[in-house]
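Subject: Structure handover

Hello,

Here is the structure for your review. My notes on what turned up follow it.

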Amino acid sequence: PGRLRTLRRVRSAWLGNTRDLYVLLPASYEAAEAPRRYPVVYMHDGQNLFLPDLSYSGAWHVERAADRAAG
């Protein structure tokens, strides 16, 4: 399964604030011997994508769908 990482307090000059960013890395990311390129999907609504504790309506569990799609 993929691994969820949190980048804490990333500064946005545009919004004038900081936010945590959640990055789901593929399982093969840590094992890669050389730098590899991976497809990227950008999703806005971080509190609902992965973490039920932060969600106001329940997590969507995007990590499960990503794992299934990766095969």
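**Salt bridge**

A search of the whole structure finds one salt bridge (a side-chain nitrogen of Lys or Arg within 4 Å of a carboxyl oxygen of Asp or Glu). Please note that this is a predicted model, where local features need pLDDT of at least 70, side-chain atom pairs count only at pLDDT 80 or more, and totals for chains, interfaces and linings use all residues. Residues are numbered from 1 along each chain as its sequence is written, and side-chain values use heavy atoms, with hydrogens and water left out.

The partners are D20 and R8, with 3.0 Å from N to O. The pair links distant parts of the chain: D20 sits in strand β2 and R8 in strand β1, 12 residues apart. Helices (H or I, at least four residues) and strands (E, at least two) are DSSP runs, numbered from the N terminus.

How exposed are the two partners? D20 is partly exposed because its relative accessibility is 29%. R8 has a relative accessible area of 59%, so it counts as exposed. The cut-offs: buried is under 20% relative accessible area, exposed is over 50%, and partly exposed lies in between (1.4 Å probe, protein chains only).

**Overall layout**

The protein chain has two helices and two strands. Along the sequence they follow the pattern β-β-α-α. The C-alpha atoms fill a box of roughly 35 × 30 × 15 Å, taken along the principal axes. Of the 71 residues in the chain, 13% are buried.

**Nonpolar patch**

L7, V10, L21 and V23 make a nonpolar surface patch of about 270 Å². The elements giving two or more residues to this patch are β1 (3–12) and β2 (17–25). Patches are made of residues with over 30% relative accessible area and no salt bridge; like charges are joined within 9 Å, and nonpolar side chains (Val, Leu, Ile, Met, Phe, Trp, Tyr) within 5 Å. Areas come from the Shrake-Rupley method with a 1.4 Å probe, and for residues only the protein chains shown count as cover.

L21 counts as partly exposed because its relative accessibility is 40%.

**Largest pocket**

The largest pocket has a volume of about 1,100 Å³. A pocket here is an open set of points on a 1 Å grid over the protein atoms alone, where a 1.4 Å probe fits, with protein on both sides within 12 Å along at least five of seven lines; lining residues have an atom within 4 Å of a point. Grid points are joined across faces, edges and corners, and the volume is the space filled by probe spheres set on the points.

The lining has 30 residues, and Y22, V23, L24, V41 and F50 lie nearest the pocket centre. β2, α1 (46–49) and α2 (62–70) each give two or more residues to the lining. The largest share, seven residues, comes from β2. By type, the lining divides into 21 nonpolar, four polar and five charged residues. Nonpolar covers Ala, Val, Leu, Ile, Met, Phe, Trp, Tyr, Cys and Pro; charged covers Asp, Glu, Lys and Arg; the others, Gly among them, are polar.

**Two residues to look at**

R9 has a phi near 50 degrees, a positive value in a residue other than glycine. R9 lies in strand β1. R9 is exposed because its relative accessibility is 63%.

Y42 is in the loop between β2 and α1. Y42 counts as exposed, with 69% relative accessibility. The C-alpha atoms of Y42 and V23 are separated by 9.5 Å, and the two residues are 19 apart along the chain.

Best regards
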